[in-house]
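Here are a few exercises to work through with the model in view. Try each task before you read its solution.

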Amino acid sequence: MGSKYTKRYSEEYKRDAIELVRSSGRTVTEVARELGVSSESLRGWVKKARAAQDTGSGPGSVRAGRAAGDRDEELKRLRKLTAEQAKTIEILRKATAFVRPERKGAAGVGR
C-alpha cells in the first residue's frame with residue numbers, strides 16, 4: 001500500500017535540498033527541519049545521490065563529474081594552503097623563541 005505523498009517533491013527540489021546539505025556543512029536533520037521535510041526522506045535522497053555519483057549514473061552525472069573535479073581542485077588548493085600555513089607557523093614559532101627565549105626556573109629570577 002503506497003502513501004499518497006510518494007511523489008510530493010519534484011526532482012529539482014530534491015537536487016536543491018541535497019546540494020544544501022552538501023554545501024552548508026549542516027546535518028541532514030538540521031536542513032530537513034529548515035525545509036520542512038522528513039529527515040529520513042532527505043537522508044534517503046542524499047544517500048541515493050551519493051550512490052548515483054559514485055557509479056556515474058543518474059541525472060546530473062555530468063554535473064556530478066564536474067563537481068567532483070572542482071572538489072578535487074579545491075582540495076588540492078586547500079592542502080597547498082595548509083602546508084604553506086604550517087611552514088609560516090613554524091617560522092614564527094622559531095622567531096618567537098629567538099626573540100624571547102623561554103626562561104627556566106622561577107619567575108623574576110635574575111632580575
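**Exercise 1. Find which residues of α1 are buried, and where they lie around the helix axis.**

Step 1. Lys14, Ala17, Ile18 and Val21 are the buried residues of α1. Buried means under 20% relative accessible area, exposed over 50%, and partly exposed in between, with a 1.4 Å probe and protein chains only. Helices are DSSP runs of H or I with at least four residues, numbered from the N terminus.

Step 2. The arc is taken over the directions from the helix axis to the C-beta atoms.

Step 3. Now turn to the other side of α1, where Glu12 and Ser23 are exposed.

Step 4. The cover over the buried residues of α1 includes α2 (28–35) and α3 (39–55).

A word on the source: this is a predicted model, in which local features need pLDDT of at least 70 and side-chain atom pairs count only at pLDDT 80 or more, while totals for chains, interfaces and linings use all residues. Residues are numbered from 1 along each chain as its sequence is written, and side-chain values use heavy atoms, leaving out hydrogens and water.

**Exercise 2. Describe the buried and exposed sides of α3.**

Step 1. Leu42, Trp45 and Val46 are buried in α3. Their arc around the axis is only 95°, so they sit on the same side of α3.

Step 2. The face turned away from that buried side carries the exposed residues Glu40, Lys47, Lys48, Asp54 and Thr55.

Step 3. The buried residues of α3 pack against α1 and α2.

**Exercise 3. Which residues does valine 21 contact, leaving aside its neighbours within four places in sequence?**

Step 1. Count a contact when heavy atoms are within 4.5 Å.

Step 2. With those neighbours left aside, valine 21 is in contact with Arg26, Val28, Val31, Leu42 and Val46.

Methods. Helices (H or I, at least four residues) and strands (E, at least two) are DSSP runs, numbered from the N terminus.
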